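Subject: A structure to look through

Dear colleague,

Please find below the structure that I promised to pass on to you.

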Amino acid sequence: MLTDATLVVEILSPSTEGYDRGGKFAIYRDLPGLCQYVLIAQDRHAIDCFTRQPDGRWLLDAYTDPAIMIPFDSIGCAVRLDEIYDRVRFETDP
């Protein structure tokens with residue numbers, strides 16, 4: 001059981017996406033140390049990054065540009081979106 005995470009990253013699947021975005025995120029929001037919750041689509045370039053704000057609200061940043069850097073401030077790094085998807089082939093790829 002997850003109890004003391006700073007960053008949680010989920011790879012979305014069609015069968016679990018609704019739960020990951022809803023019920024599971026509701027549980028994770030109760031973790032006092034959690035700073036970021038990241039959802040990575042497996043079928044397209046799309047990453048949603050939820051970041052806890054100082055007042056407790058969660059801010060969503062949605063990324064789809066392969067060249068953009070995604071900040072993971074909770075662990076002090078940033079990664080380009082296309083690096084996250086390196087070696088991933090989508091059904092729509094030639």
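How many aromatic pairs does the count come to by the rule used here? The rule is that rings of Phe, Tyr and Trp (its six-membered ring) pair if their centres lie within 6.5 Å, where planes under 30 degrees apart count as stacked, over 60 as edge-to-face and the rest as tilted; by this rule the count comes to six aromatic pairs.

Before going further, please keep in mind that this is a predicted model, in which local features need pLDDT of at least 70 and side-chain atom pairs count only at pLDDT 80 or more, while totals for chains, interfaces and linings use all residues. Residues are numbered from 1 along each chain as its sequence is written, and side-chain values use heavy atoms, with hydrogens and water left out.

One of the pairs is formed by Phe 25 and Tyr 37, which are stacked at 4.7 Å centre to centre with 15° between the planes. This pair links distant parts of the chain, since Phe 25 lies in helix 2 (residues 23-28) and Tyr 37 in strand 2 (residues 36-40), 12 residues apart; helices (H or I, at least four residues) and strands (E, at least two) are DSSP runs, numbered from the N terminus. Phe 25 is buried, with a relative accessible area of 5%, and Tyr 37 counts as buried at 0%, where buried means under 20% relative accessible area, exposed over 50% and partly exposed in between (1.4 Å probe, protein chains only).

Tyr 37 also pairs with Tyr 28, this time edge-to-face, at 5.2 Å centre to centre and 70° between the planes. Phe 25, Tyr 28, Tyr 37, Phe 50 and Trp 58 form one aromatic cluster.

Asp 20, which is placed in helix 1 (residues 17-21), counts as buried at 2% relative accessibility. Leaving aside residues up to four places away in sequence, Asp 20 touches several residues, among them Phe 25 and Tyr 37, where contact means heavy atoms within 4.5 Å.

Finally, please look at Arg 87, which has a positive phi of about 75° although it is not a glycine. Most residues other than glycine have a negative phi. Arg 87 is found in the segment after helix 3 (81-84), and is exposed, with a relative accessible area of 72%.
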